[in-house]
Amino acid sequence: MSMSDNSNSLPPNDDSHGEGGDIQQVASSSQVSDMDTRPTTSSSAPRDPFSTPLSSRPSSRHHQLHSSKISFSDNSSGFLSVPRTPTEGFFPGATSNHIPIPRSILNTPSRISMVPSARSSAIPLPGGNTLPRKLPRMKSHMIEDRSNISKPWTEKPNPRVRIAYLLTYAVIFVGLAGGIVQCYFNYANAQLDRKPLCLVMEENFDSEDSVFGENGSFNREVNMDGFGNGQFEMTTSSRNNSFVKDGFLYIVPTLTSDSIGNDAIFDGTVYNITGCTFNQTQPNNGFVTQNGATFFDESGYLKACSAVSNRTAGAVINPVQSARINTKGKSSIRYGRVEVRAKMPNGDWLWPAIWMLPKDEVYGAWPLSGEIDIVESRGNGLRYTARGSNYVQGSLNWGPTTFLNGVSKSYSWWTERRQSFGSEFRTYALEWTDKWLRIYVDNRLHTLLDIKFNEPFFKRGEFPEVIFDGPNPVALQNPWINGTNATPFDQEFYLIMNVAVGGTNGWFPEAQGDKPWLDASPNAMRDFALAEAQWYSTWPTNVEDRSLVVDYVKMWKHCDGN
């Protein structure tokens, strides 16, 4: 079927205009005759706008538009077969307020394109009226009301805001300037030993002969007297307690009952320690002078080298064996540097220490001639409330009499929050000059003790002017009156390393960590021995974790001897 200009053409309808231009419709004579049988589409009677309109032609016929006209290939509904008004043709039954759209147009994409867009500005209606296609959107409650927009730049600034602004920057500037000044003076006044150092000893523990041999670096101390602290261990020369293996030195505490039996610890046994070194370690080889007479200290010798167990008297043999080694008579320094890389032991009531004593007691017996504690620790775990294995301490011991000690004015510590110093190797160092002394772990930022010799120690101690010698009061004398501000730490000191166990000098405070003895008790060692099941279970079975393990020891002194 074709549409063309001929004598049988229907006159154009002036109202049949769409947005795409004029559309001309022409029907042949055969079409006209057929139109009588087609259902009318121009009726103005209301009907369902969403029902499918009836076909206006037989299914075997097709519309064919002129090449210059718009063609429709779909035969479901022919809108342009007869002239119609806009409301009759495109929208049958439409009113000014309602325009129905046939469902076939909505369901057929090719026809949707022929209908004006739903977002077009308006739809033409009879009488020249138009219907807006796009209704305004509902206002979102998420959008702020912009009717009153704040414009703070048009307002006069508050002077308080400006002052606060300037004050903030002023404080920041002062803080930065103060930090820079502090850093400068800390750097300028940093205490560094700039004198040349000469190596005195370097021990890497490559072989046991080089350590404990005839010309070895260390001596083993053999003693049972508690070393003035009431310690519960005896120190031996046995390889069970000190040995060299794989380039490391091990100092290991063990049970005495492993060698003599548990019953012998408490009753009926006389124990003489083998190789007692009392004569070698005591001043003047164990000889003392009293009332102008010099004699050998026999009672001191018996206490240091033997013990008797008696259940009735509460006397026991030292329940633990350990080791204590020193460089006395081999290596010592006055001013210089000491460096030890070591790993602390773990276990309740273990007391590891790396420290120094004077080679010669120039100013008198301990503590008159001083003591330098490079590091001390406790083997009790991190939960121990009196500084356990996550603490290490450095200190100086000094005093004008055997019962006055100024250590409380010259000690400090370093701590790790969640890590024991027995978990890995750390480097403990001493730097010592005639002007100051510093002890630290790993680096100078982790300082255990940093003390300047800027005043005499007798003045630093603030000791009483009068003390009692028995019932008689006597004036306290200054034993360092002819010395310097560094006295008594102006003499040669040698190195000591040991693992002690317990003690009655207060290193383990009372009522802390279920402590099984009282320091003031005359039977403190027996009480400790009776509680073996309690504390021995905390000692690691692995020797490396129970031991003080030392990687190397190095000692330097000032090359000029000063």
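Four bridges join strand E11 to strand E14 (residues 306-309), and the two run antiparallel; strands count as paired if DSSP finds at least two bridges between them. This is a predicted model, where local features need pLDDT of at least 70, side-chain atom pairs count only at pLDDT 80 or more, and totals for chains, interfaces and linings use all residues. Residues are numbered from 1 along each chain as its sequence is written, and side-chain values use heavy atoms, leaving out hydrogens and water.

**The strand pair**
- Helices (H or I, at least four residues) and strands (E, at least two) are DSSP runs, numbered from the N terminus.
- E11 covers residues 269-272, with Thr 269 and Tyr 271 on its covered face and Val 270 and Asn 272 on the uncovered one.
- Across the pairing, Val 270 stands opposite Val 308 in E14.

**The disulfides**
- There are two disulfides here, each a pair of cysteine sulfur atoms within 2.5 Å.
- Counting bonded cysteines along the chain, the pattern is 1-4, 2-3.
- One joins Cys 198 to Cys 559, S to S 1.9 Å.
- Cys 198 sits in strand E5 (residues 197-203) and Cys 559 in the segment after strand E29 (548-558), so this bond ties together parts 361 residues apart in sequence.
- The other links Cys 276 with Cys 305, S to S 1.8 Å.
- Its S-S torsion is about -60°, so that disulfide is left-handed.

**Exposure of the cysteines**
- Cys 305 is buried at 6% relative accessibility (buried is under 20% relative accessible area, exposed over 50%, partly exposed in between; 1.4 Å probe, protein chains only).
- Cys 198 is partly exposed at 30%.
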